[in-house]
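Please read them with the model open beside you.

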Amino acid sequence: MRGDTADGSPTVFVSYAAADRPWAEWVAWHLIECGYDPRLEAWYAVPGANSAAWLDRALGAERMVLILSEDYLAEAAAEAQWQAGYGRAAGRLVPVRVGPCAPRGLLASLIAIDLVGLDEQAAAAELRDGLQAAVSGSATPRQAPLFPGPANSTRSQATQPGAVAGGPRELPLATRFFIGRRDEFARILALGRAVAAGGHHDPVWTAADGPALADGAVTVMALDGMAGIGKTTLAVQAAHRLADDFPDGCLFLDLHGSTPMVTPMDPAAALEQLLRRLGVPGDALPPSQQARAALYRDRLAGTGTLIVLDNAGSAEQVRPLLPAASRCLVLVTSRRRLAALDEARPLRLDVLTRSDALAMFSAIAGEDGAADGRGAAEQVIDLCGRLPLALRIAAARLRARPAWTLADLADLLADQHRHVSLAELNDGERSVAAAFAVSYRDLRPDEQRMLRGLGLHPGVEFDTAAAAALTGDPAVPAARLCEQLLDVHLLAETARDRYRFHDLVRVFARELAVEQDSADARRQALTGLFDHYVTTAALAVRVLFPAEVAHLPPPRTPYPVPRWTDDPQGARAWLDRERANLVLVAGHAAENGWPEVATDLAAILFRPLDLGAHLGDATALYGHAGRAARARGDRAGEAHVLASLAGIHRHQGRYQDAADAAGRALELFVEVADEPGQGRALTSLGIIRWRQGRYDEALDHDRRALALYQRADDPRGQARALGNMAHVHWRQGRYGQAVEHNLRSLELYRRGDDLRGQAHALGNLGNVRWSRGETRQAADDHLAALEIYRRLDDRNGQADAMTNLGLVRHAQGQHDLAVGLYRRALDLYERIGDRNGQARVHNGLGEHFAAIVRLEQARDHHARALSLTLDTEDRYEQARAHAGLGHVHHCLGAPGAARREWEHARTIYARLGAPEIAEAEQALRELTSPSG
């Protein structure tokens with residue numbers, strides 16, 4: 001069947017990955033120029049069972065164009081779908097290769113139009129020749145979109161939601177005692193500058209050193225060597241020098257491949273961190289590692305970015321983190337040579353030369369300390385193994401003891417070489433351990449105690465408040481002790497008032513704590529630390545969410561009051577800084593006898609993790625808390641963890657997973673006779689079923705929750721249940737009941753001074769009034785809600801309010817105001833990754849453009865909404881998208897397509913019991929009448 005439009009233009013169905021939309025739009029514009037009518041649809045619109053319907057629509061077109069890239073192949077991962085689906089396309093399939101990829105399956109036997117690496121003029125010519133367009137000039141082209149290829153390499157990052165202007169700059173502090181490594185430093189700089197310049201001539205490297213620079217390939221350098229040899233120092237120093245050559249950003253990530261007490265970071269978690277630093281919001285992160293890697297490569301495509309992957313454990317850990325962009329440089333450090341990483345040029349670091357070791361030692365020790373004989377100095381550097389870490393520590397100790405001679409230091413080092421026996425150190429690292437021991441021996445008792453206490457910390461970084469909690473010292477003395485350990489190079493500074501250990505120092509400090517402190521003393525220290533984190537996290541949540549504090553535990557112990565006590569921004573910043581520590585603390589506590597710490601942290605952090613869409617951290621934390629609750633037989637605690645997990649799943653649009661978790665939570669709450677808990681699980685199930693369009697179930701859950709909350713005299717719970725019930729009444733056309741329930745909900749929220757709840761109720765009330773045609777009152781409600789959300793800095797709420805207000809302005813005929821509100825809301829939804837919100841806005845924009853008879857744009861927006869709703873299972877917005885497409889196709893003179901879309905809409909509206917079914921039936925009657 002030939003899919004012609006009313007004006008005779010042959011239809012071309014364009015399939016693309018989400019990350020390839022700029023390419024799809026550019027190709028579509030050229031298709032219009034050539035007389036085709038392109039229909040764009042993202043592959044992810046049709047996962048699983050939806051693929052057949054998608055292919056049926058596509059096969060009605062004259063041609064099928066695939067915007068082919070690694071991103072597309074990742075999203076269309078199942079090869080069976082290619083064979084079963086595209087095999088039916090016969091000779092109508094036209095792959096357009098826009099990114100480095102190796103087509104699989106059926107596509108391997110097809111000739112693709114290859115645009116990789118071309119400038120715009122050459123790409124346009126190649127595309128036109130490849131399409132062999134026979135029809136021209138039958139469509140009026142819009143303004144050409146910006147070419148997304150090499151000539152506009154900055155476009156991808158500049159237009160992505162949440163992208164950081166100029167790129168992130170996240171390198172750690174560089175040391176001022178960087179001495180030596182001239183040849184290695186020069187090699188890294190020469191390679192980096194060649195990559196940044198886009199050239200492929202490396203004046204330093206030889207063929208024996210590894211692969212030459214190649215077109216379209218990322219350049220990787222892997223630095224390996226024993227612990228303490230200065231791999232990270234060299235990589236960071238070189239990265240700082242090269243930073244200006246890589247204008248799109250510098251990323252640094254510690255993979256913890258060899259960090260004691262810390263599990264090496266898996267590639268999926270590493271990709272989450274890297275993508276967030278590149279501006280991808282939490283809700284926009286794909287769930288699978290493969291899809292995250294594809295999105296990561298897309299974000300870096302065409303950019304000049306420098307990436308430092310520190311402390312790698314294996315090639316398998318690193319390989320998914322490599323971009324595909326030829327102007328990116330990756331520096332990897334590891335204790336072992338990553339021989340399986342074929343992409344990498346190896347650079348093995350040996351101990352410093354004798355002259356460089358002497359120079360480093362003298363620079364740190366000072367002229368006076370190194371002035372009493374070259375022979376003694378050479379003995380010291382030999383006893384330090386010419387390892388930079390050992391040299392820095394030994395020289396700092398000599399500088400702090402003016403009465404010592406070099407001979408004194410040499411004697412102490414020699415003695416420690418005979419006695420040091422740290423189990424986790426190999427022979428080559430004993431020189432470092434001897435330097436530690438000499439430095440430790442000369443510390444004051446309170447400094448020694450601080451070092452041992454910090455060695456117990458289960459996290460990676462810590463501030464002076466955590467240090468004080470571990471030792472029981474007041475904040476000011478603790479800060480001074482940390483500074484003194486920094487001065488002697490036993491701590492490293494990562495930012496103001498934040499510190500970390502070198503991995504070997506961490507081993508040394510922890511083993512000293514085990515050897516010298518009793519089990520009771522170590523437990524007391526960790527208890528103090530855990531009390532600090534639980535108490536301070538609860539305080540931060542009280543500052544940020546003052547209406548949601550009933551579940552928070554009381555302060556556990558006297559603690560230093562942070563400076564941000566009344567400052568929401570300061571509280572949010574503390575939670576962001578400490579989030580990784582809090583998850584690690586929960587895991588350590590759950591496994592080592594503090595189960596209540598894990599369950600308390602899970603309860604405290606639910607809201608910030610939910611709103612921030614920190615899915616990986618939330619999943620890990622709730623896993624720790626769930627195991628802790630089960631281990632101690634805490635059924636109520638386990639139920640609350642499951643209820644929190646349901647909220648995270650719902651926020652991600654994973655409704656069935658959310659329903660399973662909430663259902664299990666309800667069972668446990670019933671077992672322990674926790675009625676408020678049952679109400680929490682039921683309201684969660686109510687909103688999940690409402691999103692899925694299962695309205696009768698939703699209403700039943702909400703009514704049961706309301707009765708429980710009334711018995712418990714919980715006004716806030718009652719308000720939530722009433723609001724959920726109002727949602728169902730509104731969608732099913734019972735507007736009077738919906739208004740009544742929303743007004744009762746609003747009053748309860750006002751009694752509790754819950755601003756966020758008030759804004760929710762006002763927005764819901766405004767939606768009902770809009771449906772009843774009361775547009776002036778509806779606008780007032782939405783404006784009041786928007787004002788509250790702005791006061792609370794709630795971006796998701798602001799987007800909801802603007803979307804709702806856009807509907808009202810559209811109904812009032814104020815189309816310019818409506819489209820402005822929609823676009824601002826869409827920007828916010830994309831930044832926070834709310835796909836349900838994006839679908840609502842795209843449907844609103846589709847209705848707007850249909851009203852002003854810009855039908856192609858209306859069709860595109862409704863199609864995008866449909867793509868999103870097929871993924872999130874939001875049945876109401878899915879029906880709305882079908883209805884919008886039916887209207888547009890009718891106006892475009894394609895009655896067959898219009899009828900199919902309206903039939904889909906009618907089926908869904910009937911299943912929902914929504915009043916919009918009348919509109920669908922009327923449209924179908926018009927299409928089947930003789931005049932239709």
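1. H532 touches A465, A466 and A469, where contact means heavy atoms within 4.5 Å and residues up to four places away in sequence are not counted. The C-alpha atoms of H532 and A469 are separated by 6.2 Å, although the two residues are 63 residues apart along the chain. H532 lies in helix α21 (residues 519-544), helices being DSSP runs of H or I with at least four residues, numbered from the N terminus. H532 counts as buried because its relative accessibility is 5%, buried meaning under 20% relative accessible area with a 1.4 Å probe, protein chains only.

2. This is a predicted model, in which local features need pLDDT of at least 70 and side-chain atom pairs count only at pLDDT 80 or more, while totals for chains, interfaces and linings use all residues. Residues are numbered from 1 along each chain as its sequence is written, and side-chain values use heavy atoms, with hydrogens and water left out.

3. The largest nonpolar core has 131 residues, and F361, L454 and Y622 have the most contacts inside it; such a core is a set of buried Ala, Val, Leu, Ile, Met, Phe, Trp, Tyr and Cys residues joined through side-chain atoms within 4.5 Å. Helix α21 gives the most to this core, with 13 residues. A second, separate core of 83 residues includes L762, A879, A905 and L912.

4. Leaving aside neighbours within four places in sequence, Y622 is in contact with A602, F606, L609, V641, S644, L645 and I648.

How values were computed: Helix = DSSP H or I, 4+ residues; strand = E, 2+ residues; numbered from the N terminus. Buried < 20%, exposed > 50% of the residue type's maximum accessible area, 1.4 Å probe, protein only.
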